Amino acid sequence: MALPLPPGLTQNEVAFLAEMEMVTVVPRQRLDSIDLLGGKTPQLRPPHRAQLPLWLALLLKKQRRANIVPPAWMHPASLAEIIHRETKEDPEAFSPPPPPPSRALYSQPGTARRLNPSYVDDFTQTQQNSQQDPNSILSPPFLPSNVAESPAGYLPYHWLEVAEALLTHAGDDMPAPAGEVRSLLRDLVEVRAAKMRSSTSALEGFGDAYLTLRGVGAMELAENRAFLAGLVDGVRKIGASAEATRREEEEEARRGGDYGGDGDEDSDEDMGL
Amino acid sequence: MDIDDILREVDPVLHQIPQETRDLQDLTRAWVAERSTPELLPWPSNGLFERINDKIKRQIEKVEEMTGDMDPKTNFALIVIQTELERFKYLVRSFLRTRIAKIDKHLLHYISNDNLRTRMSQIEEAYARRHQLLLHNHYLNSFLGTFPPAMQNLNDTAGNISMIDSPDLDSAVFIRLLKDAEIECHGVDVDGVLTGKEGDIVILRWSDANGLVEKGDAELV
């Protein structure tokens with residue numbers, strides 16, 4: 001009954017999470033808005049585009065009721081640029097994540113969207129809540145990073161899962177032959193995996209307090225999570241006694257400083273001779 | 001008047017995410033967080049689970065109604081609704097199973113401490129107590145009864161070592177920063193201060209990340 005897995009999402013769970021990302025579809029049939037547990041789906045009227053979660057888009061695609069529009073960053077030119085950035089411009093760190101969604105509304109030129117949409121119906125409470133409400137900050141998979149309007153040249157968090165899903169099920173909708181996109185993706189996977197490996201080898205003797213991995217993807221994290229976490233935990237356990245003595249020394253030094261340097265003077269070994 | 005108020009009056013739908021989507025987002029975040037931490041997180045407040053349970057029940061009833069109707073148009077909507085229902089149920093089940101696994105691992109730890117007991121929901125607390133009782137009786141009947149009475153305690157704290165297992169609060173977790181923040185981190189050789197920007201993914205100790213996650217400045221990944 002209890003889940004036997006260790007802490008951390010597995011690859012399957014990450015794939016499940018990635019299926020909640022929104023993508024743009026071009027419907028081929030009319031479909032009314034369905035009342036789902038996660039909200040109402042938009043009404044599908046061909047040939048207008050609509051944004052649907054990936055799992056629903058894949059379902060429609062399999063039944064040939066819609067075509068999926070691949071996001072802009074999946075275009076071969078964009079992927080080539082990202083590969084260039086990863087290999088030449090910044091061989092140490094991963095490429096930066098996409099910028100937060102733009103405030104200008106694509107569909108209604110001239111209107112701006114609030115950065116932190118308020119969740120409270122009561123207008124008087126809005127002013128206080130909108131700054132503090134943590135839910136108002138959206139993050140993957142609820143950022144619109146895989147719709148057709150997403151900026152090119154940046155890899156969103158769930159890039160590998162979404163790319164694989166689209167290539168497998170919607171290969172004919174790609175802007176270029178699926179083979180070309182797939183080979184570019186493969187190159188990208190290899191480059192980033194090499195970076196991940198080199199960053200873990202730099203962790204030998206890891207005594208630092210933290211490690212930043214800005215721009216890493218979800219699947220890469222899931223694959224290396226067990227290794228990285230195990231490494232950091234292992235080093236911590238091995239160094240536990242060393243750390244404890246270091247903290248005690250620091251504490252004593254601080255306390256010694258507070259009492260005006262009295263700490264070291266009353267030593268048992270000092271017989272006063 | 002604030003420009004935002006004017007915009008909201010003109011088109012209120014534009015600026016609000018509906019309650020259901022928010023619930024889904026909260027449930028997803030709670031699930032990811034629970035799957036990633038070594039210790040039990042507080043039960044989600046503001047009635048999230050009660051609402052979700054209600055909605056699932058109503059959706060199941062709706063599915064049963066629609067199954068009887070053999071119209072091909074509603075048939076497709078039925079498939080979509082069923083798929084989404086299965087996804088939701090998976091999330092809820094995985095979330096609850098993770099919590100039960102954590103409670104099972106450190107039963108006495110969560111029951112004995114008052115603060116930690118409030119983190120469990122009522123059903124979980126009842127389960128934990130019953131489980132502990134059964135386990136204790138089983139131990140007593142198997143071997144504990146043969147020990148001298150002074151040694152029969154399961155929560156002995158003599159000798160500077162507590163018998164109660166607690167979760168390792170310093171294990172490594174991965175977090176994503178939602179706001180720019182300065183975090184004080186503890187390490188083996190050095191203690192550092194991390195200046196993180198929004199969107200950074202950092203690996204650090206759970207004891208350091210705890211405060212941030214509670215405040216909402218970071219989420220677990």
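Modeller: Let us begin with charged pairs. Between domain 1 of chain B and domain 2 of chain B there is a count of one salt bridge, a term that requires a side-chain nitrogen of Lys or Arg within 4 Å of a carboxyl oxygen of Asp or Glu. This is a predicted model, in which local features need pLDDT of at least 70, side-chain atom pairs count only at pLDDT 80 or more, and totals for chains, interfaces and linings use all residues. Residues are numbered from 1 along each chain as its sequence is written, chains are lettered from A and ligands numbered from 1 in the order in which they are written, and side-chain values use heavy atoms, with hydrogens and water left out.

Colleague: Which residues form a salt bridge, and how far apart are the closest N and O atoms?

Modeller: Arg29(B) pairs with Glu219(B), and their closest N and O atoms are 2.8 Å apart.

Colleague: How many residues of each domain of chain B are in contact?

Modeller: Contact means heavy atoms within 4.5 Å. Twelve residues of domain 1 of chain B touch ten residues of domain 2 of chain B in this sense.

Colleague: What area is buried between domain 1 and domain 2 of chain B?

Modeller: Buried area is the accessible area (1.4 Å probe) that two parts lose on being put together, summed over both. For this pair of domains in chain B the value is about 860 Å², and carbon and sulfur atoms give 69% of that area. On the side of domain 1 of chain B, the most area is lost by Arg29(B), Pro38(B) and Glu39(B), together 51% of what that side buries.

Colleague: How should I read a salt bridge within one helix?

Modeller: Helices are DSSP runs (H or I, at least four residues) and strands likewise (E, at least two), numbered from the N terminus. In helix 7 of chain A (residues 218-238), Asp233(A) and Arg236(A) are three residues apart, about one turn of the helix. Their side chains meet in a salt bridge, at 3.1 Å from N to O. Over all chains, the structure holds 29 salt bridges.
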